[in-house]
Amino acid sequence: MLVLVAPGQGAQTPGFLAPWLDLPGVSDRLAELSATAGLDLAHYGTKAEAEEIRDTAVAQPLLVAAGLVAAERLLPGAGAPHAVAGHSVGEITAAAIGGVLSADAAMAFVRTRSTAMAAAAAVTETGMSAVLGGDPDTVVAHLEKLGLTPANINGAGQIVAAGTAAQLAALTADKPEKARVIPLKVAGAFHTHHMAPAVATLDALAGTLEVSDPALPYVSNTDGKVVTGGSEIVSRLVSQVSNPVRWDLCMDTFKELGVTAVIELVPGGTLVGLAKRALPGVATLALKTPDDLDAARAIVAEHGTQE
């Protein structure tokens, strides 16, 4: 039982798309996605510095495009996953792979999402920090005491705190018991009330999109549930920008579904790391470069559905 997952913002690194552009057709495909996004994604994925791709308005379309390109090279002829999921912006990638949105609609949605979230983030200096270790209930209580939001409850001993720069500085100075705090390379307090202005913008766009029911189970960040209606998935994509990501509950659902393998799309690593800790015995692979495609196809052939 194979689950295909897509990473969220912060996974991007300078030059991560460069080896993919050596594959036939990828440059043209990226140019098509760039036209919809209104960005030169080839530039940002190959030549841009870390600070350029840290920009929310760049990072999110770049990640969705990268995931779509990788999935389009992985799946044809190899079989298909049994379920899809994504972390935060990765949910848009998952929605496109699952057939809820076309690739163009997904790129239009993520472009609007990213610019609206960047505008919301510019109102107040905010950010996010990962809290690693400690008792989860104790960590959540500690964050709330400091006025922070547990914006991502990722499982496997990781909770991401979000709030103002001053609140995050207070967290660094006053860590939860038995926990480490690591600032993240994101430019805003995503999945908190600070993002509320972006919800109305996305809600207006959602009504204009052509939406289909998913062709395979789609596991939602909202509550870890499998959602079978396309309109409900898009509604959740709208509301999730100001609501916490419950990746821990998504992994619980993977387990209930009988997961035997997880492949994380480019630029993978984080979600596979969480799966290794939370889902012992499950085969995992982070699809980082085209060199990983053969191994990924072998996993699809062994654990996926065959057409």
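**A walk through the model**

Glu210 sits in the loop that links helix 9 and strand 7; helices (H or I, at least four residues) and strands (E, at least two) are DSSP runs, numbered from the N terminus. The model is a predicted one, in which local features need pLDDT of at least 70 and side-chain atom pairs count only at pLDDT 80 or more, while totals for chains, interfaces and linings use all residues. Residues are numbered from 1 along each chain as its sequence is written, and side-chain values use heavy atoms, with hydrogens and water left out.

With a relative accessible area of 70%, Glu210 is exposed. The classes used here are buried, under 20% relative accessible area, exposed, over 50%, and partly exposed in between, with a 1.4 Å probe and protein chains only. When residues up to four places away in sequence are not counted, Glu210 touches Val100 and Leu101, where contact means heavy atoms within 4.5 Å. Gly230 is 20 residues from Glu210 in sequence, and their C-alpha atoms are 9.6 Å apart.

Gly230 also belongs to helix 10 (residues 230-239), whose buried residues are Gly230, Ile233, Val234, Arg236, Leu237 and Val238. The cover over these residues includes helix 5 (90-97), helix 6 (103-121), helix 9 (196-206), strand 7 (218-219) and strand 8 (226-227).

Now the whole chain. The protein has 13 helices and 10 strands. Its radius of gyration is 18 Å, close to the 19 Å that the globule rule gives for 307 residues, so the protein is as compact as a globular protein of that length. That radius is taken over C-alpha atoms, and the rule is 2.2 Å times the number of residues to the power 0.38. The C-alpha trace spans about 50 × 40 × 35 Å along its principal axes. Of the 307 residues, 56% are buried. Among contacts with a separation of 6 or more, 75% join residues 24 or more positions apart.

The accessible surface comes to about 12,000 Å², and carbon and sulfur atoms hold 53% of it; areas come from the Shrake-Rupley method with a 1.4 Å probe, and for residues only the protein chains shown count as cover. There are 19 positive and 31 negative side chains, with the centres of the two sets 6 Å apart. Here Lys and Arg count as positive and Asp and Glu as negative, while His and the chain ends are not counted. Each charge is placed at NZ of Lys, CZ of Arg, CG of Asp or CD of Glu.

Which residues have the most contacts inside the largest nonpolar core? They are Leu74, Met107, Ile263 and Leu287, in a core of 79 residues. Such a core is a set of buried Ala, Val, Leu, Ile, Met, Phe, Trp, Tyr and Cys residues joined through side-chain atoms within 4.5 Å. Helix 4 (residues 56-74) gives the most to this core, namely 11 residues. Another core, of 18 residues, lies apart from it and has Val3, Trp247, Met251 and Val259 among its members. Beyond its neighbours within four places in sequence, Ile263 has contacts that include Leu2, Val3, Leu4, Val5, Leu74, Leu285 and Leu287.

In helix 12 (residues 270-278), Leu271, Val272, Gly273, Leu274 and Ala275 are the buried residues. They pack against strand 1 (2-6), strand 4 (149-155), strand 5 (158-164), helix 11 (247-257), strand 9 (261-264) and strand 10 (283-286). The loop between strand 9 and helix 12 holds Pro267, and the peptide bond from Val266 to Pro267 is cis, with omega near -5 degrees.

Two non-glycine residues with positive phi also lie in loops. Ser88, between strand 2 (83-86) and helix 5, has a phi of about 60 degrees and counts as buried at 10% relative accessibility. Ala156, between strand 4 and strand 5, has phi near 55 degrees and is partly exposed at 30%.

Two helix residues remain. Arg111, in helix 6, is partly exposed, with a relative accessible area of 24%. Leaving out residues up to four places away in sequence, Arg111 touches Ala37, Gly38, Leu39, Ala57 and Pro61. His142, in helix 7 (residues 136-145), counts as buried at 11% relative accessibility.
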